[in-house]
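Hi there,

Here is the structure I promised to hand over.

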Amino acid sequence: MIACTRRSLLPALMAPAAALWLGALPAFAQDSGLSAEARRFVTDMIRDLTAIDQKMKPGPERDKALDSELGKYVALDRVGRFLLGASRAQASAAELADYDRLVPGFILADVRGEIAKLVAQSIVIEEVQLRSEREALVRSRFRRKSGGLVRVDWRVLKGSEGQLKLVDVYVNGVSRFVIRRDEFQAVVKAGGMPALLKLLAAGPSGSAR
């Protein structure tokens, strides 16, 4: 068990239960070194984000620094495809190009915006569950300053180039990205891709809160 003291950590939103990926993944019994690598990945990510959060004052420069650091850890392409889901089939080539251009910044701003909401005195990594030769779930918990324990699970995946990336975060079993996907589908259903592109251009402030 590894404890990483920090003032804030990577986000996710408390929300009503959504369809989860968490329980559907089969366990993978053999530890080929991925367990230690995944644990180190999450530890390093928390450390790097905390360092920026603690040394920089809130403002555009801090946001830019956090986005730059988060971009090293989050699988932006994979998350972006997941968020759009079946709505991709309804989009024109030009709309898809605009979506692919706008969604990475939206994802980063969304994640960054949650950092201040989950302020903790310390985080404890309890275990790593291997789900395949390339995928692991790093299970952790932390105590809010306001009191109460919160479970945070980090789903990481090793890409074709051998680098781990964060593909989902669960807070008390609820996926932030599943919530966003549901929101995106509702927006497209109501107003088409132009409405979704407008949402992405405006940023995550005020939505899925």
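Below is what was found, taken one topic at a time.

A word on the ground rules: this is a predicted model, in which local features need pLDDT of at least 70, side-chain atom pairs count only at pLDDT 80 or more, and totals for chains, interfaces and linings use all residues. Residues are numbered from 1 along each chain as its sequence is written, and side-chain values use heavy atoms, with hydrogens and water left out.

Let's start with the strands. Helices (H or I, at least four residues) and strands (E, at least two) are DSSP runs, numbered from the N terminus. Two strands are said to pair if DSSP finds at least two bridges between them. β4 and β5 run antiparallel and are joined by 7 bridges; for example, Val-156 has Leu-166 in β5 as its bridge partner. These two strands make a hairpin with 5 residues between them, and Gly-162 in the turn has a positive phi of about 90°. β5 also pairs with β6, again in the antiparallel sense, over 2 bridges. Here Val-171 has Val-174 in β6 as its bridge partner.

How covered is β5? Of its 8 residues, 7 are buried, where buried means under 20% relative accessible area, exposed over 50%, and partly exposed in between (1.4 Å probe, protein chains only).

Next, do look at Asn-172, in the loop between β5 (164-171) and β6 (174-175). The hairpin of these strands has 2 residues between them. Most residues other than glycine have a negative phi. Asn-172 is not a glycine, yet its phi is positive, at about 50°. With a relative accessible area of 43%, Asn-172 is partly exposed.

Now for the rings. Rings of Phe, Tyr and Trp (its six-membered ring) pair if their centres lie within 6.5 Å; planes under 30 degrees apart count as stacked, over 60 as edge-to-face and the rest as tilted. How many aromatic pairs does this rule give? The count is 2.

- Phe-41 and Tyr-73 are edge-to-face, 5.3 Å centre to centre with 70° between the planes. Phe-41 lies in helix α1 (residues 34-55) and Tyr-73 in helix α2 (residues 60-73), so this pair ties together parts that are 32 residues apart in sequence. Phe-41 is buried at a relative accessible area of 10%, and Tyr-73 is buried at 9%.
- Phe-106 and Phe-184 are also edge-to-face, 5.6 Å centre to centre with 65° between the planes. They link distant parts of the chain, 78 residues apart: Phe-106 is in helix α4 (residues 93-115) and Phe-184 in helix α5 (residues 176-202). Phe-106 is buried at 2% relative accessibility, and Phe-184 is buried at 0%.

On a 1 Å grid over the protein atoms alone, a pocket is an open set of points where a 1.4 Å probe fits, with protein on both sides within 12 Å along at least five of seven lines; lining residues have an atom within 4 Å of a point. There are 13 lining residues, and the closest to the centre are Ala-75, Leu-76, Asp-77, Arg-78 and Lys-165. α3 (76-84), β4 (149-158) and β5 each supply at least two lining residues, with the largest share, 4 residues, coming from α3.

Happy exploring!
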